[in-house]
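These are my notes from going through one model.

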Amino acid sequence: MSILSRPEFHDEQAAYDYVEARLWPNGPTCPRCGEHERVTKMQGKSTRMGTYKCRACRKPFTVKVSTIFESSHVPMHLWLQAIYLMCSSKKGISSNQLHRTLGVTLKTAWFMSHRIREAMRGGKLRPFGTGGGSVEVDETFFGNDRTIKPKGTKKGRGYHHKFKVLSLVDRETGQAESMVVDSLKSRDLVPILKENIAREANVLTDEAAYYQRLGEHFASHRFVHHGSGVYVSKADKAVHTNTIEGYFSVFKRGMKGVYQDCGKEHLHRHLAEFDFRYNHRIALEINNRERSDIALSRVVGKRLKYRDSSVKGVSHPTF
Ligand SMILES: [Zn+2]
């Protein structure tokens, strides 16, 4: 049986039951006052599916309140399909593909996928390298940042006009965290690294100048000289940044092959998406279904406002 033939992907009531069971472990819970005992299901013929009434604050609610699903007219079973597809495709799934697979409009698919990325975001990790573990740090350049004025000829522009992505991988926990940074100057990078990496960590980078003085801030800093073609230190085979290079390769293949173009205002959400899948990957014994359930558990408090995802020239459906 295909996983997509499960009832919650097709039957609206089953979809509500599925979401309620996961978001309300103590039974239906009022999102306004937290009441879960004096709550009754509303059964009227004209009542919308999944409506409950809180007898403490006297207001009706559904499981969609204050989640990414709030005020969306997309049926819940399609939301569950979309979450599953985004969580189970290693390099992501385009809005176009979602639009064709789910039978929703392209705009709706676009909006759904950004809301799902928002759900994937967060889940604050402990500082990397806690307890003296090894943390790989590396940067990559990607896309075309149109907010930066071009300098020099197209050929001679180097990386100036590209987005700068900084990623960290904790080798002990296998977790990655990525962010868009405006500058790779040491004075801008060090505070970011200090915020995310434990003092006792062993930091591993390449030879780039902006990493040169990291030894002052962490227990140790060692690097490989990529410029001389050294990817693993001969003296110590543990000194390399190959884990993070592997992460970047999935990210880049996904961004180029699936998402193609992405403005700066959305890049952090795409990074959250790739971090999320990486941090809940098969190698960590998390299967597709469990990964989707984790994303689903994070939909609360992530209501995305129209304003938050607006792009010039793209008008959004009123959800
Ligand atoms: Zn209430």
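What is the strand order in the open sheet of three strands, and is the pairing parallel or antiparallel? I found the order 1-2-3 with antiparallel pairing. Strand 1 (39-41) and strand 3 (60-61) are at the edges with a single partner strand each, so one side of each has no neighbour in the sheet. Strands here are DSSP runs of E of at least two residues, helices are runs of H or I of at least four, and both are numbered from the N terminus. Two strands count as paired if DSSP finds at least two bridges between them.

Before going on, I noted the ground rules. The model is predicted, with local features needing pLDDT of at least 70 and side-chain atom pairs pLDDT 80 or more, while totals for chains, interfaces and linings use all residues. Residue numbers start from 1 along each chain as its sequence is written.

I then looked at strand 2 (residues 52-54), which pairs with strand 3 in the antiparallel sense over two bridges. Tyr52 has Phe61 of strand 3 as its bridge partner.

Next, the helix pair. The axes of helix 3 (residues 95-102) and helix 4 (residues 106-120) come within 8 Å and cross at roughly 115°. Axes are lines fitted to C-alpha atoms over the stretch in contact, and angles run from 0 to 180 degrees between N-to-C directions. I listed the contact residues (C-beta atoms, placed from the backbone, within 7 Å): Ser95, Asn96, Leu98, His99 and Leu102 of helix 3, with Leu106, Ala109, Trp110, Met112 and Ser113 of helix 4.

I checked phi in the loops. Most residues other than glycine have a negative phi. Ser71, in the loop between strand 3 and helix 2 (76-88), has phi near 55°. Glu285, in the loop between helix 7 (264-279) and helix 8 (288-297), has phi of about 65°. Ser71 counts as exposed because it has 10 C-beta neighbours inside 10 Å; Glu285 is exposed with 8. The scale is 20 or more other C-beta atoms within 10 Å for buried, 12 or fewer for exposed, and partly exposed in between.

Which residues touch the most other members of the largest nonpolar core? They are Ala82, Ile83, Ile116 and Val135, out of 61 residues. Helix 2 gives the largest share, ten residues. Such a core is a set of buried Ala, Val, Leu, Ile, Met, Phe, Trp, Tyr and Cys residues joined through C-beta atoms within 7 Å. Beyond its neighbours within four places in sequence, Ala82 contacts Leu98, Leu102, Met112 and Ile116.

Methods
Two residues are in contact if their C-beta atoms, placed from the backbone, lie within 7 Å.
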